[in-house]
Amino acid sequence: MLDIEVIEDAAAAEASLDPIRTRLLRELAEPGSATQLAAKVGLPRQKVNYHLKALERHGLVELVEERRKGNVTERVFQATAASYLISPVALASVAPDPRHFADRFSAFWLLALASRTVQEMGKLIAGAAAAKKKLASFAIDGEITFRSAAERAAFAEELGVAVTQLVDKYHDGGATAVASGARKHRLVVVLHPALKVPSTEKAAEKEHGND
């Protein structure tokens with residue numbers, strides 16, 4: 001089972017968005033049969049079977065075991081991943097293209113870059129899994145509070161300079177490097193406002209911190 005599976009097929013994406021099938025995928029983080037799932041989700045076994053067949057057809061669940069009970073064979077399924085993410089490939093005709101928003105201060109460009117990241121990482125993860133190899137990647141996630149818009153702009157400028165210097169230091173696009181099998185890597189750096197936390201969540205966080 002993958003930690004995250006990126007769905008690229010439009011029909012599979014549609015199947016995964018059905019509320020009942022989403023619930024079944026969540027329940028199938030652990031193997032289960034139609035009978036077991038029916039008891040958990042409160043639906044007739046026949047209806048659960050119908051949805052399981054659709055999920056299996058789109059490669060979102062897989063058969064892990066068959067149990068013989070009298071004259072009946074019970075099929076046990078498990079989700080192919082713990083979590084799913086729909087790739088922009090599933091909406092290829094309307095997916096954003098970073099080349100159309102080439103402005104480093106544009107929120108739309110940031111979204112287009114994120115969209116491309118999901119698309120490319122989905123393919124890379126699938127390829128690495130098929131080859132049974134580890135995928136080399138690196139990410140940093142954090143928060144920073146600025147006292148003013150001027151400080152935010154200054155930070156962005158300094159960050160851009162620092163990243164550019166590192167790229168100049170380590171990038172080797174020469175013919176020798178390419179011939180020796182050097183691997184090109186994608187670098188994306190983003191900075192955006194954090195979402196505001198609702199007052200109810202803030203109160204819960206404060207209470208939890210006082211425990």
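## The second largest pocket

The second largest pocket has a volume of about 210 Å³. The model is a predicted one. Thirteen is the count to remember here: 13 residues line this pocket. Those that lie nearest its centre are Arg45, Asn49, Thr73, Glu74 and Arg75.

Which elements give two or more residues to the lining? They are α3 (34–41), α4 (45–57) and β4 (72–79). β4 gives the most, with five residues.

## What the lining is made of

How do the lining residues of this pocket divide by type, and what are the numbers of nonpolar, polar and charged residues? Three are nonpolar. Four are polar. Six are charged.

## The sheet

β4 also belongs to a sheet. Three strands form this sheet, and it is open. The order is β2-β4-β3, with antiparallel pairing. Which strands are at the edges? They are β2 (32–33) and β3 (61–69), and each pairs on one side only.

Now look at β2 and β4. Two bridges join them, and the pairing runs in the antiparallel sense. Find Ser33 in the structure: Val76 of β4 stands opposite Ser33.

## A helix on the sheet

α4 packs on the sheet. Which strands does α4 touch? The helix touches β3 and β4. The direction of α4 makes about 135° with that of β3.

Conventions:
Residues are numbered from 1 along each chain as its sequence is written. This is a predicted model: local features need pLDDT of at least 70, side-chain atom pairs count only at pLDDT 80 or more; totals for chains, interfaces and linings use all residues. Side-chain values use heavy atoms; hydrogens and water are left out. On a 1 Å grid over the protein atoms alone, a cavity is a set of points where a 1.4 Å probe fits but cannot get out, and a pocket is an open set with protein on both sides within 12 Å along at least five of seven lines; lining residues have an atom within 4 Å of a point. Grid points are joined across faces, edges and corners, and a volume is the space filled by probe spheres set on the points. Helices (H or I, at least four residues) and strands (E, at least two) are DSSP runs, numbered from the N terminus. Ala, Val, Leu, Ile, Met, Phe, Trp, Tyr, Cys and Pro count as nonpolar, Asp, Glu, Lys and Arg as charged, and the others, Gly among them, as polar. Two strands pair if DSSP finds at least two bridges between them. Contact means heavy atoms within 4.5 Å. Axes are lines fitted to C-alpha atoms, for helices over the stretch in contact, and angles run from 0 to 180 degrees between N-to-C directions.
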